[in-house]
Amino acid sequence: MMEQHTWDIVTGPGITALGLAAARTVESSMPDALIDDPLGAAFVHAVESPIAFPSRWPAEGEPVTDQQALHLHGSRYIGVRSRFYDDVVRDALRGGVRQIVLLAAGLDTRAFRLDWPADVTLYEVDQPQMIDFKEDVLRGEQAQPGCRRIAVGTDLREDWRAALTTAGFTRSVPAAWVAEGLLAYLPADAEERLLRQIHQLSAPGSRIALDRIAQVNRLTSDAAPLDQLSSRSGIEMKSLINTEARQQPAEWLRLNGWTVREEDVTTVAHRYGRDLTDPFTRQSTSPWLDTRLLTAELARP
Ligand SMILES: C[S@@+](CC[C@H](N)C(=O)[O-])C[C@H]1O[C@@H](n2cnc3c(N)ncnc32)[C@H](O)[C@@H]1O
């Protein structure tokens, strides 16, 4: 289970965010890139990581360790996931939503890399230490967001609503909530509380997008997939991912009036023309856990 009493960017949950910045950097360098994240490399180069995350695709014939192969294959998957959420945000903007909340924003750089209408506010919520690290690097890069960007340091397992509303969030107008790579790290009760808190802050017309591990309820009795991911990736995913049994978020959202659509990541990948077969072994088994991507909208009256 996740412990966050001590924190730095290269251990615990911090390193998962760093790994994703590296994955987006690899993805951005590919000829078939689904996203372009020019700031990802700045985060990766800002620290000495115990894991040598690749930040580009290897040249033809260049030797690749098993750990690098895992991260490179993972970057193909993260490319799909990042693009999926980019499109969720673009779709919300087209639908007139003007406040976007990235829950557990990590080292995401949408504020800097997407095209934004003039009147959008983007809230980036994460642990205060993550925000501090990110702000330092962004300042060093003199990065300028394309929207009004407000970082909110808080713990999403607790009551974060006051922090968000104090930062300017308006509950009477629709919002788009993005929980990318978050639920897997939350205890079951914190996940349900988070959904309830989001619901309470959501005006009709609000949207939410999230991902979840489909087999989470089986991981408690079958640790093999997590063991394998931990040893191949070099990240102690076993101590980070929370495997407590939980209700499916789709069920909770439907019961509370949201219209939900859920797909597995392979289906979404095919829609983007991407085959997630392992590029090194040509096997179809994915090293990451079985991810499902969900979008939902709260009906207008
Ligand atoms: C896997 S990273 C995902 C980051 C980002 N959404 C992305 O896709 O690049 C997980 C993020 O969740 C954040 N996180 C985990 N538990 C949290 C909590 N209880 N409160 C706030 N943030 C949390 C971590 O700090 C980290 O940035």
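A residue is called buried if 20 or more other C-beta atoms lie within 10 Å of its own, exposed if 12 or fewer do, and partly exposed in between, with C-beta atoms placed from the backbone. Here are some notes to read beside the structure.

1. **Ground rules.** This is a predicted model, in which local features need pLDDT of at least 70, side-chain atom pairs count only at pLDDT 80 or more, and totals for chains, interfaces and linings use all residues. Residues are numbered from 1 along each chain as its sequence is written.

2. **Strand β1.** Helices (H or I, at least four residues) and strands (E, at least two) are DSSP runs, numbered from the N terminus. Start with β1: 5 of its 5 residues are buried, so the rest of the structure largely encloses this strand. You can check both faces: Q99, V101 and L103 are buried on one side, and I100 and L102 are buried on the other.

3. **Neighbours of β1.** Two strands pair if DSSP finds at least two bridges between them. β1 pairs with strand β2 (residues 121–126) in the parallel sense over 5 bridges, and Q99 has T121 as its bridge partner in β2. Strand β4 (residues 175–179) also runs parallel to β1, joined by 5 bridges; here L103 is partnered by A179.

4. **The nonpolar core.** A nonpolar core is a set of buried Ala, Val, Leu, Ile, Met, Phe, Trp, Tyr and Cys residues joined through C-beta atoms within 7 Å. The largest one here has 75 residues, and V101, L103, V125 and V178 have the most contacts inside it. Helix α3 gives the most to this core, with 9 residues. In soluble globular proteins, nonpolar side chains tend to be buried together. Two residues are in contact if their C-beta atoms, placed from the backbone, lie within 7 Å. Leaving out residues up to four places away in sequence, V101 touches Y123, V125, L164, F169, A175, W177 and V178.

5. **Helix α3.** How far apart are the end C-alpha atoms of helix α3? They are 42 Å apart, which agrees with the 42 Å that its 29 residues (66–94) should span at 1.5 Å a residue. The expected span is 1.5 Å times one less than the number of residues. After α3 comes G96, with a positive phi near 95°.

6. **Two positive phi values.** Most residues other than glycine have a negative phi. A104, which is not a glycine, has a positive phi near 60°; A104 sits in the loop between β1 (99–103) and α4 (110–113). Is A104 buried or exposed? A104 is buried, because 23 other C-beta atoms lie within 10 Å. Q142 is not a glycine either, and its phi is positive, about 50°. Q142 lies in the loop between α5 (128–140) and β3 (148–153), and counts as exposed because it has 6 C-beta neighbours inside 10 Å.

7. **Around the ligand.** A residue is near a molecule if its C-beta atom, placed from the backbone, lies within 6 Å of it. Of the 19 residues around the ligand, L20, A104, G106, L156 and G181 come nearest. Helix α1 (residues 12–28) supplies the largest share of this shell, 4 residues.

8. **R161.** Look for R161 in helix α6 (residues 161–166). R161 counts as partly exposed because it has 15 C-beta neighbours inside 10 Å. R161 touches Q197 and L201, not counting residues up to four places away in sequence.
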